[in-house]
Amino acid sequence: MERKEDRGVAVITDTWLRKHRLIYTGATRHPFILAIRGGSVNISSFKRWLGQDFIFVRAFVPFLASVLLKAWKESDDSSDVDVILGGLAALNDEIAWFKKEASKWGVALDSVVPQKSNLDYCRFLESLMSSDVSYTEAVTAFWVIEAVYQESFAHCLEDGSKTPEELKETCQRWGNDGFGQYCCALKSIANRQLEKASDDMVAKAEANLLSVLEYEVDFWNMSHGGAV
């Protein structure tokens with residue numbers, strides 16, 4: 001792991017993304033995402049993702065609530081609470097959107113069985129809710145989770161994409177500029193916290209970043225029809 005005194009003036013998160021470019025690219029340019037962008041995605045894969053991600057979002061709510069509580073207790077900038085509270089408030093609309101989409105696609109959410117990749121990721125989220133996990137570690141993981149979706153789905157909306165019309169709303173949900181700005185705000189919070197954190201805390205935050213990227217790849221694999 002990178003030592004704090006070696007980081008210089010570089011933005012910590014950018015340094016990490018360059019250092020771990022291979023797995024970050026694997027998470028944000030996964031074959032599942034490329035299939036959506038290229039217009040060749042199997043709709044059964046999309047439906048699988050929809051059902052599994054609904055389960056994940058439900059588990060994401062208490063995690064984000066715990067990040068909000070840590071911000072209230074540990075942050076020296078009161079605007080952090082406002083940013084995170086905005087994200088928490090948006091989850092209610094997001095859950096409603098999943099229910100609407102599931103109805104449109106004929107996915108019975110009550111019958112969806114969480115796959116191992118999903119359960120493992122949800123357990124990881126639960127581990128970050130521990131009081132032993134600092135705000136710095138938690139908010140960094142939160143930023144990465146959101147950033148992967150933002151960059152992935154924004155790629156499906158770029159010039160040259162052949163994303164099916166019926167999937168553009170999904171891509172727009174996470175790929176829009178407003179969500180991109182929100183992710184930038186989270187990134188700024190993470191960097192500010194990391195700059196003043198101990199070497200041990202920074203190392204833990206970097207390890208969590210890697211874990212998030214690995215879980216994201218596994219989740220896409222599951223959705224795409226690979227390992228579950």
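UniProt, in an unreviewed entry, places the feature "domain: Thiaminase-2/PQQC" at residues 18–223; such annotations may be inferred rather than shown by experiment. The model here is predicted, so local features need pLDDT of at least 70 and side-chain atom pairs pLDDT 80 or more, while totals for chains, interfaces and linings use all residues. Residues are numbered from 1 along each chain, and side-chain values use heavy atoms, with hydrogens and water left out.

**The annotated span**
- Residues 18–223 are 79% helix and 0% strand, where helices (H or I, at least four residues) and strands (E, at least two) are DSSP runs numbered from the N terminus.
- The end C-alpha atoms of this span sit 26 Å apart.

**The cavity**
- There's 1 cavity of 30 Å³ or more, a cavity being a set of points on a 1 Å grid where a 1.4 Å probe fits but cannot get out.
- The largest cavity has a volume of about 110 Å³, meaning the space filled by probe spheres set on the points.
- Its lining residues (an atom within 4 Å of a point) include Asp53, Phe56, Trp174 and Glu216.
- Helix 4 (43–74), helix 5 (79–105) and helix 7 (135–155) each give two or more residues to that lining, and helix 4 gives the largest share, 4 residues.

**Two crossing helices**
- Helix 1 (residues 12–19) packs against helix 9 (residues 177–195) at about 100 degrees, with axes 8 Å apart.
- Helix 1 and helix 9 are therefore roughly perpendicular (65 to 115 degrees).
- In the contact (heavy atoms within 4.5 Å), helix 1 uses Ile12, Thr13, Asp14 and Trp16, and helix 9 uses Lys187, Asn191, Leu194 and Glu195.

Note on methods. On a 1 Å grid over the protein atoms alone, a cavity is a set of points where a 1.4 Å probe fits but cannot get out, and a pocket is an open set with protein on both sides within 12 Å along at least five of seven lines; lining residues have an atom within 4 Å of a point. Axes are lines fitted to C-alpha atoms, for helices over the stretch in contact, and angles run from 0 to 180 degrees between N-to-C directions. Angles under 35 degrees count as roughly parallel, over 145 as roughly antiparallel, 65 to 115 as roughly perpendicular and the rest as oblique.
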